[in-house]
Amino acid sequence: MESTHLLGGSKKRVKIHPHTVTAKYATHTPYAPQPGVHTHFPQPGDDGYDDAPSFEDFGSFVEETSDKKQLTESRKWPLTLFGSRHNDKDTAHKLQTVGGGEGSEGSAKAAKGSGKGVGEQLASFGEASVSASRLTWVGLLGAALAHGSLIVLTRVASERFSLGPLFLLLVRSIVQLLSLAVPLHRGENPFGPEGYRLRLLCYGIAYSLSLCCAYSSLTFVSPGNATTTWRLATTALSATLAFLLLEERLGLADGITIAAGLCGLGLVLLTAVDDTNSDSPTDPAVFWRGAFGWSLSALAGLWMALALVGYRSLKERVGVGTALFTVSWTGCLLAPASLALLQEGWSWPMSVEAWLLVLGLAACSVVAFLGMTHALTRLHPALVSASQSLEIPIAMLLHLAVLPLAPTAPEVVGSVMVILSVGWLVAMKLLPSRVGGRRQREEYEEILDSPIK
């Protein structure tokens, strides 16, 4: 029995015998080394039938050596960054074994070589990831130190030089306009790339509104209480908004650590609540004045959480310099509006020390912004905000040195809880674990399986 049909312009003749099937191609194909290649599939009862590969093995081998598989692997960035030459050699070796008819032995050698390449890729990926994580966390801890210094400098400027918080925010925004040089130097549009300018504008407005609310609350409540409320609201709301808007979840260990840090911040605020209740003010104006200050602090946390989540969605399109310029020029517009709304008087620095204090405050704000914004490109917004909770114990220690004021027991316990939670968070991210190899392989496979390359 013999049948003939056309397949892509080539003539194929198939002869069917009782025990064998022989297929013969009459024309050359791009992948056939010689014309007229005979492919023989042993049938039950023939010699070598048990040693022949099954149809399932043959199908997987064809799939591994197909053009589609090679094209898909060439687009995977981990394979391109780590060990691309090795993979190219493996691919060429596979093609040679297919042409020579030694499919079984060649595929085994290729699989062995591929496994070695994965090990090298895991090692390179692990080293690069740990190195980048260390720099990220060093920047975050530096930002927390800068935030703690901001609290003390703002309080010193208000008590010794009679400088209003919103005026300090305005001067800080004006000085930060110098960041315009960064996107111009890189040849980028300072107002963001086309198609993302509206989202970048919303990010700048949210960040500036957060700062305006936070600095306005300092007029009604103490700087320590306002900052603690702001940080607590930012951490809790950023975790919620990241899940709702970006579908980014926190791990169980991260969630427990952040919850412990929030409990520490609650203990720090417990003293302020007790002091408010003990005074028992009879004047309703005093009560509503304090309530308005606490509300502004919580609202500042909401706006800051929106800003963190907003930049998290723009991290691949907008650089840190462009983000800083956006926050600066939006702050220059919203800070005077807040000054006029709250009728806060203008009070210019009248001495060199006052101007140095203002410039130091602006420098600390830039350092804090850069550390946080860079970390958002790699970490969850809630982790970034939780790490900044260190500003509370840092400010407490600086207060003891600059403005001697003994902390209460709840403040000390709460600060210790914050320090332990952030320390444990950093340790989990950086220190090697007992199952480090398995964890690296799981992370590597998760990247390979991700639809976003």
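**View 1. His-380 counts as buried, at 7% relative accessibility.** Buried here means under 20% relative accessible area, exposed means over 50%, and partly exposed is anything in between (1.4 Å probe, protein chains only). This is a predicted model, where local features need pLDDT of at least 70 and side-chain atom pairs count only at pLDDT 80 or more, while totals for chains, interfaces and linings use all residues. Residues are numbered from 1 along each chain as its sequence is written, and side-chain values use heavy atoms, with hydrogens and water left out. You'll find His-380 in the loop between helix 13 (352-376) and helix 14 (381-387). Helices (H or I, at least four residues) and strands (E, at least two) are DSSP runs, numbered from the N terminus. The His-380 side chain reaches the backbone nitrogen of Ala-382 at 3.0 Å. Leaving aside residues up to four places away in sequence, His-380 also touches Ser-238, Ala-239, Ala-242, Glu-248, Arg-249 and Leu-250, where a contact means heavy atoms within 4.5 Å.

**View 2. Glu-247 has a positive phi of about 60°, although it isn't a glycine.** Look for Glu-247 in the loop between helix 9 (223-246) and helix 10 (252-279). Glu-247 is exposed, with a relative accessible area of 64%.

**View 3. Helix 6 (residues 165-175) is mostly covered.** Nine of its 11 residues are buried; among them are Pro-165, Phe-167, Val-171 and Arg-172. Ser-162 sits in the loop between helix 5 (103-160) and helix 6. Here's another non-glycine residue with a positive phi: for Ser-162 the value is near 55°.

**View 4. Phe-191 and Trp-329 form one of the aromatic pairs here.** The structure holds seven such pairs. Rings of Phe, Tyr and Trp (its six-membered ring) pair if their centres lie within 6.5 Å; planes under 30 degrees apart count as stacked, over 60 as edge-to-face and the rest as tilted. This pair is edge-to-face, with 6.0 Å centre to centre and 70° between the planes.

**View 5. Phe-287 and Trp-288 make another edge-to-face pair.** Their ring centres are 5.2 Å apart, with 75° between the planes. Trp-288 counts as exposed, at 58% relative accessibility.

**View 6. Ring pairs link Tyr-203, Tyr-207, Tyr-311 and Phe-369 into a cluster.** For a ring with a charge over it, turn to Trp-230: Arg-231 lies over its face, 5.4 Å from the ring centre. That label needs NZ of Lys or CZ of Arg within 6 Å of the ring centre and within 35 degrees of the ring normal.

**View 7. Cys-212 is in no disulfide.** The nearest cysteine sulfur, that of Cys-213, is 6.9 Å away. A disulfide is taken as a pair of cysteine sulfur atoms within 2.5 Å, and by this rule the count is zero. Cys-212 is buried, with a relative accessible area of 5%, whereas Cys-263 counts as partly exposed, at 46%.

How values were computed: Polar contact = N/O pair within 3.5 Å; in protein donor to acceptor, adjacent residues only side chain to side chain.
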